[in-house]
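The sequence and the coordinates come first, and the commentary follows.

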Amino acid sequence: NLQSTSMTQHPDDDDDIVLTSRIPLPNSDNKCALLITLNRPHKKNCFNTLVCHKLARIFQHVAEEVQGYDYNCTTADDDDQQQQDDDSDESQQQLVTVILTGAGKSFCAGADLSAPPNPLHQSSDLPHHLQHNPVHQMTRV
């Protein structure tokens, strides 16, 4: 799902417009943070339709990943907890926080007015628009 990506000098490539990486948390065997970086420093990290879709997809994956965490924490007995401890490795790191940042000097200067996201789509509550709305997807986490 969410794989690490390194920053590039030319973030015009669709794959490099929003980057993700997992950061293991200190003093924890299996907890991590997800670092999300808007990677359009040449545009002061302004968001366009592609950035909105990428962020929405990332937050969809985060929501799916953390969906069972609370349930598992409240229902696990000692045997289940021991089994979880035995199975822990990097691929099973528990995501506990998300950090949203921007590459370069600006976090995000707002919408890219040369190619802005459609405001009707971003404010719509139709399911096919909600799947591409990053704010809606963030609320699922």
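## The sheet and its pairing

In this predicted model, T20 stands opposite I36, a residue of strand β2. That position belongs to the pairing of β1 with β2 (residues 31-38), which is antiparallel and extends over seven bridges. Strands of a sheet are paired through backbone hydrogen bonds, in either a parallel or an antiparallel sense.

The sheet as a whole is open and consists of three strands in the order β1-β2-β3, with mixed pairing. Its edges are formed by β1 and by β3 (94-102), each of which pairs on one side only. On average, and with direction ignored, neighbouring strands of this sheet are turned by 20 degrees against each other.

## Helices and overall architecture

The protein chain contains six helices and three strands, and along the sequence these elements follow the pattern β-β-α-α-α-β-α-α-α. Helix α1, which spans residues 49-66, lies across β1, β2 and β3, and its direction makes an angle of about 170 degrees with β2.

Of the contacts in the protein chain with a separation of 6 or more, 66% are between residues 24 or more positions apart. Buried residues make up 30% of the 141 residues, while the chain exposes about 9100 Å², of which carbon and sulfur atoms supply 49%.

## P24 in strand β1

P24 is found in strand β1, which covers residues 18-24. Because its relative accessibility is 53%, P24 counts as exposed. When neighbours within four places in sequence are left aside, P24 is in contact with K31, C32 and Q93. P24 and L34 are ten residues apart in sequence, and their C-alpha atoms are 8.9 Å apart in space.

## Cysteines

How many disulfides does the distance rule give? The count comes to zero. C46 takes part in no disulfide, and the cysteine sulfur nearest to its own, that of C108, is 6.0 Å away.

Key: Residues numbered from 1 in each chain as written. Predicted model: local features only at pLDDT ≥ 70, side-chain atom pairs only at ≥ 80, totals over all residues. Heavy atoms only, no water. Helix = DSSP H or I, 4+ residues; strand = E, 2+ residues; numbered from the N terminus. Buried < 20%, exposed > 50% of the residue type's maximum accessible area, 1.4 Å probe, protein only. Contact = heavy atoms within 4.5 Å. Areas by Shrake-Rupley, 256 points an atom, 1.4 Å probe, with all protein chains shown as cover. Disulfide = S-S within 2.5 Å. Pairing = 2+ DSSP bridges. Axes fitted to C-alpha atoms, helices over the stretch in contact; angles between N-to-C directions.
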